[in-house]
Amino acid sequence: MDQTPYFCTLTTSWYMIKNLVIVESPAKAKTIEKYLGKDFTVKSSMGHIRDLSKGDDAVDVKNGYVPRYEISPDKKDLVRELKKLATDAEVVWLATDEDREGEAISWHLFDALGLKESSTRRIVFNEITKPAILKAIENPRKIDKYLVDAQQARRVLDRLVGYELSPVLWKKVKPQLSAGRVQSVSVRLVVEREREINEFDSKSEFRVTAEFQTPEGKLLKAECPKRFKTSEEAHAFLQSLVGAGYKVLGTEVKPAFRSPAPPFTTSTLQQEASRKLGYDVSRTMQLAQRLYENGHITYMRTDSVNLSQTAIEAAKKEVTSLFGAQFSSPRNFTTKNENAQEAHEAIRPTYFENQSAGDDNAQRKLYELIWKRSIASQMAKAELEKTIIEIGNSGNKEKFVAEGEVIKFEGFLKVYLESSDEDEEEEESGLLPRVNDGDVLKAQSVVATERFSKPAPRYTEASLVKKLEELGIGRPSTYAPTISTIQKRGYVVTESRDGKKRNFQVLSLINDQIKAESRSENYGYEKNKLFPTDIGILVTDFLLSNFTGIMDYGFTASVEKEFDEIAQGMKGWQSMIDGFYNPFHESVEKTTETASRVTGERALGTDPKTGRKVIVRIGRFGPLVQIGTKEDGDEPQFASLQKGQSIETISLDDAMKLFALPREVMQFEGQPVIAGIGRYGPYLKLGEKFYSVPRGTDLVAMTPDEAEILLRAALSAPQFPIEIGVYEGETLTVNKGRFGPFIKFGSAFISIPRGEDPSGIKLDRAIELIKAKEESDRSKTLKVFDQDKELQVLKGRYGPYLSYKKQNIPLPKGTDPESLTFENAMELVSKATPKTTAKAGAKGAARGGAKSTVKKAASKAPRTTKKK
């Protein structure tokens with residue numbers, strides 16, 4: 001078919017031809033509509049229009065794993081509208097994203113709308129610019145069934161794993177748990193890293209540095225490469241240098257080069273946005289999505305580092321214009337991943353001449369990061385000069401080495417330098433003073449400092465994505481959802497934790513006198529790191545014991561490769577599922593029949609007062625300490641662990657402290673100050689108000705002076721609510737409630753993400769969170785009753801439910817939300833019991849169908865230690 005003349009016919013025919021273009025999002029539709037003529041109508045499908053049906057019959061495992069799809073209740077009106085438009089249109093253009101997910105959306109649209117091949121065109125583009133859109137229109141293709149099959153295989157496999165594994169966890173571990181193929185492996189990584197850190201035996205050694213004076217009176221810093229294991233060895237080394245002379249043994253000057261990093265892929269963008277901007281993975285992708293939809297950057301889900309020739313030429317022009325021809329060095333990069341398949345180009349600006357773009361400050365920061373990285377990738381190498389000086393001494397055979405590095409030509413460093421996840425201390429490296437071979441140096445000081453070895457760092461969201469990519473687990477479209485899911489399920493938390501103090505020794509040789517002293521340092525401070533929860537650890541151990549294949553890194557990566565083979569037409573998706581499912585299903589049945597229930601119970605010792613056994617375990621409401629059993633004659637005592645404590649590492653002493661609270665610490669202005677541990681951690685109570693104190697604070701040993709310092713700091717902290725501005729006629733306030741900090745917008749309550757300082761929320765960030773919440777609520781709201789706007793039908797994980805005045809009521813099975821009348825809905829509300837609404841809340845609000853308003857903030861009452 002000659003595609004170009006066809007396009008010309010569409011735009012030049014004497015009669016008006018109707019062209020329907022369907023994309024995923026309204027923002028994308030709005031941008032594309034600007035580039036097409038009046039003959040084109042652009043509509044949005046609002047993402048997927050259908051998905052696997054609810055319940056166990058979504059996949060027919062006995063007949064070729066045939067999936068049963070259903071149109072989402074909230075998309076039925078939209079599908080009807082699109083179907084009518086498609087019927088009237090001469091040609092339907094399916095313009096969803098170019099990855100597998102986008103291809104699957106096009107296929108579902110083709111099938112659900114009853115489109116015909118003869119009048120349907122599939123078009124793809126990796127940037128939303130006029131040239132790219134018009135080129136796509138001129139070069140349509142058919143739907144790639146292989147890409148669709150790869151997405152379908154992933155969806156079906158993950159449904160089978162989730163729906164068969166989760167009930168096993170309910171029976172053997174704890175109700176309402178869930179498991180997923182990639183998510184469970186991701187949690188395993190975090191659990192194993194945590195155990196590696198907890199079991200790490202830190203060893204110390206002494207590092208020796210020296211400061212010398214050159215013949216010209218300049219200061220030269222150097223270091224002895226040898227490390228000394230004990231203070232005695234370090235002292236002996238310094239003793240051998242008493243009265244020693246020093247001279248330069250040799251100098252070496254050699255050129256060095258540093259090359260720029262390639263332009264961003266999805267994972268490297270997530271990593272750098274985390275390091276440089278402090279954005280979590282989900283926020284980075286939300287911002288990138290908006291930049292893409294507004295035509296500022298290319299497609300943001302990609303594992304390719306390739307740039308088009310057009311982009312390379314545009315970058316060359318911009319580099320030359322800004323910095324000069326000597327800074328330009330056009331190059332293309334090769335993707336290391338042989339299965340790179342999402343998009344065919346790296347993430348880059350659509351127009352390099354735009355150094356800034358975006359609707360708000362957060363978008364602009366991310367865009368500028370992308371611009372700098374892309375421009376730097378097309379710039380010349382940095383030219384350095386590295387100098388190494390060796391210094392000998394007359395006291396022993398060890399040498400001192402001084403290293404310096406000087407930038408001779410900035411090259412790409414003028415724009416951008418890639419960050420690192422490593423938190424190692426780096427010495428400043430710069431220009432060294434001039435010395436000649438044989439020069440005699442005078443030692444100003446020689447210092448031996450004790451340093452401790454460190455375990456591998458805990459994962460951040462970004463470094464976990466990097467590890468998953470290295471292992472071949474997941475793809476660009478799955479990283480952010482995976483990280484988000486394991487936190488929503490409560491298996492992993494992102495937290496900052498205070499460090500601890502420790503002493504270290506310093507030995508100094510100055511003027512032939514050795515001086516020893518002890519100093520202190522903070523270590524172990526963590527900021528926004530991933531920690532496994534006790535339930536995450538317990539589930540991981542259970543799955544590793546009973547489902548080794550699912551939890552194996554190599555096996556999970558091999559499944560990803562099979563998806564790639566399906567996408568390339570090298571393997572049938574149903575045969576791939578069959579090879580996985582049969583042995584997996586057998587493991588599920590065997591585990592259900594034979595595995596014992598687990599609680600993670602660990603014995604700590606005995607209660608010093610009563611002699612009763614003390615254990616820690618997972619209880620109905622989470623991890624707890626238990627004193628005694630019913631068999632002892634007396635009722636057991638319980639205390640919940642506080643945040644930062646784990647059943648794997650808590651000691652008997654720390655566990656017993658939980659039972660010594662609450663207690664009165666002091667009197668403040670005539671009122672008692674009570675210290676205790678509540679559901680949300682340690683607190684001080686003054687009158688009827690509760691004030692949080694840092695996690696890990698020893699409330700049992702706390703003195704009145706320490707309590708007063710903490711209390712005064714809490715009283716002087718920002719007092720909520722805080723007014724931050726006006727939006728759409730409503731005054732926005734930041735508040736703290738029982739469920740965490742939130743923004744109040746009229747009658748709506750918008751949660752502030754974990755890790756963000758609520759007192760630092762500004763108006764633009766608040767508006768961003770409000771818009772994200774509104775978009776989320778729209779996708780969850782199936783029906784709103786005009787007679788009473790508070791009565792709504794919402795989409796939950798296990799089906800639709802009614803939400804009315806803080807009540808959540810499940811709809812009877814088979815009820816169609818569209819045909820539900822106001823009278824029938826109110827009848828269901830009136831018949832609902834507290835037990836029914838609680839059940840619906842657990843299945844709906846807590847697990848995917850939360851209402852748009854949050855419960856009113858309540859005080860943090862201390863948790864009791866009564867029978868659970």
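This is a predicted model: local features need pLDDT of at least 70, side-chain atom pairs count only at pLDDT 80 or more; totals for chains, interfaces and linings use all residues.

**Notes on cores, a sheet and a helix pair**

I began with the largest nonpolar core, which has 146 residues, and Phe125, Leu366 and Ile577 have the most contacts inside it. A nonpolar core here is a set of buried Ala, Val, Leu, Ile, Met, Phe, Trp, Tyr and Cys residues joined through side-chain atoms within 4.5 Å, where buried means under 20% relative accessible area with a 1.4 Å probe, protein chains only. Helix H6 (residues 145-172) gives the largest share of this core, eleven residues.

Residues are numbered from 1 along each chain as its sequence is written, and side-chain values use heavy atoms, leaving out hydrogens and water.

Next I checked Leu366: leaving aside neighbours within four places in sequence, its contacts (heavy atoms within 4.5 Å) include Leu269, Tyr279 and Leu291. I also found a second, separate core of 26 residues, with Phe206 and Phe400 among them.

Then I turned to the open sheet of four strands, ordered S23-S24-S25-S26 with antiparallel pairing; pairing takes at least two DSSP bridges between two strands. Strands S23 (663-668) and S26 (689-692) are at the edges, each with a single partner strand, so one side of each has no neighbour in the sheet. Six bridges join S24 (residues 671-678) to S25 (residues 681-686), and Gly676 stands opposite Tyr683 in S25.

Technical notes
Buried means under 20% relative accessible area, exposed over 50%, partly exposed in between (1.4 Å probe, protein chains only). Helices (H or I, at least four residues) and strands (E, at least two) are DSSP runs, numbered from the N terminus.
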